[in-house]
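Hi everyone, thanks for coming.

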Amino acid sequence: MNTSLSRRHFLRSSSALIALPFLESIGFRRFASAAQVAANPKRLLFMGLGWGLTTETWFPDPKQAGADYEISKGLEPLARHKADFTVLQGLTHRFVNAGHCGSTFWLTGANQFAVPGKSFHNTISADQVAAEHFGLKTRFTSLQLDCGTYAGNSGHGPGLSLAWDAGGKPIAGQKTPVEAFHRLFSGENTPLEKRKALLKRRHSVLDTVLEDAHDLQRGLGKNDTAKLEEYFDGIRDIETRLSKDEQWLEIPRPKAPMAEPKPGLAGYEEIKLMYDIMVAALQTDSTRVIGYRQPVDTLLTSLDIKVAPHDMSHYHSTMAEKFDASQRRDVANSELLAGLIDKLKATKEADGSCLLDHTTIAFGTNTRTEHNGDNCPTLLAGHGAGLKMGQNLVLPKGTPLCNAWLTLLKGAGVPVERHGDSTGVIKELIA
Amino acid sequence: MKLSLPLSAFVLLSAVVAQGAALKPAVGVNERHRALLTENCEGCHGAEKQKGKFRVDDLSFALNDLQTAERWQKILDSLNSGEMPPEKEKQPGAKEKADFLEDLSHVMVAARRSLSDQHGVITLRRLNQREYRNTLRVLLGADMDVSELPSDIDTTRFDTVGAGLFMSGNQVEQYESIAMKALDEAFALHAVAGGQKRFRYEVEETNKKFKETIDTELEKHERASRWVKAVDEAASKPENAEIVAELRKNAKNDNFFRRSWNKIPGAPAPEEFGFTTSENNTDQANRAFARGPAVFAYQMRYLEQPALDTGAYLTISDQDGGLNSALFLNIPGDFPPGDYVIRVRAGVTPQATPERRFLDFGFKGRSRPVTSTHEVTGTMENPEIFEIPFHRTLAQRDQNAYRLYIREKGTADSNEQIKQKLDQGKKRNGVGPDFAIWVDWIEIERVPESETSTPPGIRALNIVLDDKTPAPKAPELRAALERFVIEAFRGNKPTERYMDRVVALYEGARADGSKHSVALKETLSVVLASPKFLYRAEPSPTEERRKLRGDEMATRLSYFLWGAPPDADLRALGESDELLQPRVLAQQTDRLVNDPRSMEFVKAFSRQWLNLDRLDFFQFSADLYPKFDFGTKWAARQEIYETLAYLLRENASVRDLLKADYVVINSLLANYYGIAGVKGDGFRKVPLPKDSPRGGLLGMAAVLAMGSNGEHTSPVERGAWVLRKLLNDPPPPAPANVPALTRLAGKVLTTRERISAHQEDAQCASCHRKIDPVGFGLENFDAVGLWRTEDSFQARDNDGKPLPNGKKTWVIDPSGAFHRGAAFRDFNEMRDVVASRTDAFARGITSSLIEYGLGRPCGFSDDELVESILQRAQKRDFGLREFVHALIQSEAFQIK
């Protein structure tokens, strides 16, 4: 049987919604390279903060709604970018009533208990919705970065990164700057012919494991078949990536616009490096959607804070050093973000505009302070989605967080009408 | 039928069930709370007003569907957050509200459990991270680092639950690449299977180096002193007074002053005293002058010790490995991968106090994690040899990681700890810490692989694995691959089409120019990323429940008790279906439990059942808790495993986990707990003195330390843990959006005073009135589980600095009462109450075992199963092994 034919059949029969690049590409047809993109593409960055932040000092005064507001203590380092970001207040994720998962449902808006007979359920995250749309044009559909240590210590909750796929399954991320750097910029030493042969072999490998999967599936009932579907989905993902590799095979990888990171950095310096890598990824148009589940525990250690991360979020009981630690963490986060915005401003596109003009950053978490899931701290920055920046936007209490994601996605040009539990776009946010 | 719910949450059992299918209970809110809703909510949320499109008047009190559950969740959330009833509206009474919240939160947990009940259906299970690692180790003899794979512990209570075991494309590729490395490892191991190697390091070599270093330093110091004296003499001449005064004025100290020696007439150059380097010799001489005998006092004391010609002492130093603060054994470069044994011959000195008789062993470097801690049982006169097993991998060699270390226990966990120990030692004798351990030598020896220990995967191949002889012919190769596939698939035969593809992979690689060994490994790594290897399939196409086949049973049993595939004996019994006979099944259960490999079950189960990962969430402050070092923490965790292993081995009662007159400890922990007469590293049953607070989980250091944040105890964490794990009455998950208690911040209060604020708000009181008293009863144990009678609080400023008048010290009052239950005066009485509830505890263990063993949540539909296991276990006084037997003999364990 013709291998590629059967694979095509397999891909077409897939019920999952995957936007497949056209299959003629298996013949190594050259796809548009980064340099040939006409308009400046839109980019999205998502940064999850796990254990929340300091409610009292991070949010600007809600009484000063609008553009004329005084910058809060926790946002102080961002003052120079005041016109480039908007803080949203009043956003809520109505289904989250557990205190230790700042990231699990942050971008999905799912109800953990939505499916009878299951104790855990999730749905696609906003970054992946965007990736389905933007990802076709870049070497990497999206990039997931993740804190290097156990994510539970940083208050992120279940998951492998911020991203959840179309089936609500967790997507794994790159855990260190070194790993992320190599994924983006390494691996071009092998000669083209050899790489072609390797790709061909990859297809044979997938055909082999699929043969076994089909055999296994024949004996399974409905429930187990649904579980095994994850394996098929996984192979499909690899297939998609391979056909993408084929499209990109003859286009050399971009030269890294930064030095190879040193291993072993943790906390503040690690986050800073990850941000550099994000900029490098956007700059080389390697991907247009990036999510980052940021470390909290090692950030504290690197700031010489001795308070344990979970304890810190419960600062109300004693205030003092826990409260101080919480605020110092906020300032560090804002400094890092301000540094990232500096870089995005400094990186110019061909037409003289800067990266920040075409990028939108979503920065926040599902856990505000302690176990609070209401008024999810949300900061949007950048001008890539036609959103109104420079605002202290105070929304009616209980506005679905997913309304913000919907507004963001639509603004960036993703054809989507709803996301998670959204009820509509946030009109006040649209420029 | 008993249920672990508060009485006020009722459970209806609709008994009409067809064909013995599971009972379907409904969860509901007690009618007595209707008044609260009618009086406080219906005004706005009734049929007429329907504010916020939410009404309670038509709300069903039985939570049979998700919609109803969501509506009740909304009521719970808005009461918890204080949002409802609005401030200006009528409020329910505090107690009434607390009772309602308590009931409703439990009902919500029950409803979630009921609605997510899988009714006995086991979702297809993938090998989880640790099973995958174990399986590779068994199949190939290669111990791999699998930390890049998902840990599988996040979304479900146990990592065996199929529904929580996800798969992704990334993962498939990771499996393939880990398998490739494992095959590299396995092939390399096989190539040197019989190889023997031994290397002994006589550690006294280090002493010579010290002596030389010290001699050099002191000789330099002597020359520098003469130079300084000469400069001083020149400076003291009256004719130089003016110049000297000017120089002195500009010099910060003597060193700076002497830098200008050449401006002082008659002062000699340091070069005249032998300081002739290419660097600044004045600075060299100044430095040597500063480093005199006083600086090297500790080193000189070391060199005065006896027996330096045959061995060396372990010291404490702030320089990494300086002056034998660790002794390193460098594994010779030509030592192949494989199993090794490390031997250390050592003895304690007369100065060694009881807590200074232990060695930490580790790999790579002194500051790297301790892998084990050992008692030095010998003395300098009669040193003893102890052995540490060690597995050397190819990966280690490739990473150039070849350094093993031993150091005195707890002398280099953190810089904080080193400083503390140095200061203590100096304070005692003015020089430095006494030398407690003398080491004669360290040795490493390879344990050769015997014919029978060839891993089954390699044995199944049974063809040439290297490229020294010609590769096997096609039919031979195909047969070899097929044998490997069957072994990897745990006895399942692959289809011909699969084998065609596998063979084609090998041939394709050969055609592309790969050598036989490489093509073979690449091909096998694909087999190890195939679904039949990764999933434990129990096919059942018709959706009907069916009995397991013998081979499926063998797999289920061995993954349950070993976390690994069945061995040859078990597989044979499975394939012949003999295993399906209850008698044979029981025999095999006993055999697997008696095998040391069952430690995998003990560890994985208890780690997750008791949430032991929390022990790693915090760093324990070396300043506050110097005794709780890495080695002690390791042993404390081990105590839990060893105690469970003891219960399982001896079929001893699980009630011993609540209260016992013995502990299962080694000498390290005996020393920590202050129990005399225990020697050696092995854990064993030790009877307790009458007045000891130990015995049972509540007296274990690891359990108590988990209920702290590394600095302070947390009565709330401890109380909740006791309710969850021992009393089988878990508090509902911490609700979101409860208004914070800020009123007490900055005040100088006792722990009890601070926490008692929970009783003020109904939202808090609803759970904390149950949790907190239990935690208070444990307050006599400090954050690392040592007994105390006093505690203190220090208020601090934002920088963590103590505030003046901010300290309060108090005598601990452990008395209290269980919510709606017995009062207790102290820890012992509280523990007695807990121990009196063996039934509840046993029920909790049972549902956890079901969940772990069957790989699915334990739902209401399992009540009958729980009951039958309990009945059988109770007949044997709740012996732990009895639970395991009962579960394995149950129908649930034997059907798909």
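This is a predicted model: local features need pLDDT of at least 70, side-chain atom pairs count only at pLDDT 80 or more; totals for chains, interfaces and linings use all residues.

Chain A has 11 helices and seven strands. How far apart in sequence are the residues that its contacts join? If we take the contacts in chain A between residues at least 6 apart in sequence, 73% of them join residues at least 24 apart.

Now let's zoom in on one helix pair in that chain. Helix H7 of chain A, residues 268-283, packs on H10(A) with the axes 10 Å apart and an angle of about 25°. An angle under 35 degrees counts as roughly parallel, so that is what we call H7(A) and H10(A). Their crossing is right-handed. On the H7(A) side, the contact is made by Tyr268(A), Ile271(A), Lys272(A), Tyr275(A) and Val279(A). H10(A) answers with Ala332(A), Leu336(A), Gly339(A), Leu340(A), Lys343(A) and Leu344(A). By class, the residues of this contact divide into eight nonpolar, one polar and two charged.

On to the interface. Here 59 residues of chain A are in contact with 69 residues of chain B. The chain A side as a whole has 24 nonpolar, 17 polar and 18 charged residues.

Last stop, chain B. Four of its strands form an open, antiparallel sheet in the order E7-E12-E9-E10. Strands E7 (327-330) and E10 (370-375) of chain B stand at the edges with a single partner strand each, so one side of each has no neighbour in the sheet. On average, neighbouring strands of this sheet are turned by 20° against each other, direction ignored.

Look at E10(B) for a moment. Strand E9 of chain B, residues 358-363, pairs with E10(B) in the antiparallel sense over five bridges. In one of the bridges to E10(B), Gly362(B) has Val370(B) as its partner. Finally, helix H23 of chain B, residues 630-650, lies across E9 and E10 of that chain and runs at about 90° to E10(B).

That's my tour, and I'm happy to take questions!

Methods
Residues are numbered from 1 along each chain as its sequence is written. Chains are lettered from A and ligands numbered from 1 in the order in which they are written. Two strands pair if DSSP finds at least two bridges between them. Helices (H or I, at least four residues) and strands (E, at least two) are DSSP runs, numbered from the N terminus. Axes are lines fitted to C-alpha atoms, for helices over the stretch in contact, and angles run from 0 to 180 degrees between N-to-C directions. Two residues are in contact if their C-beta atoms, placed from the backbone, lie within 7 Å. Ala, Val, Leu, Ile, Met, Phe, Trp, Tyr, Cys and Pro count as nonpolar, Asp, Glu, Lys and Arg as charged, and the others, Gly among them, as polar. Angles under 35 degrees count as roughly parallel, over 145 as roughly antiparallel, 65 to 115 as roughly perpendicular and the rest as oblique. A crossing is left-handed if the near helix is turned anticlockwise from the far one by less than a right angle, and right-handed if clockwise.
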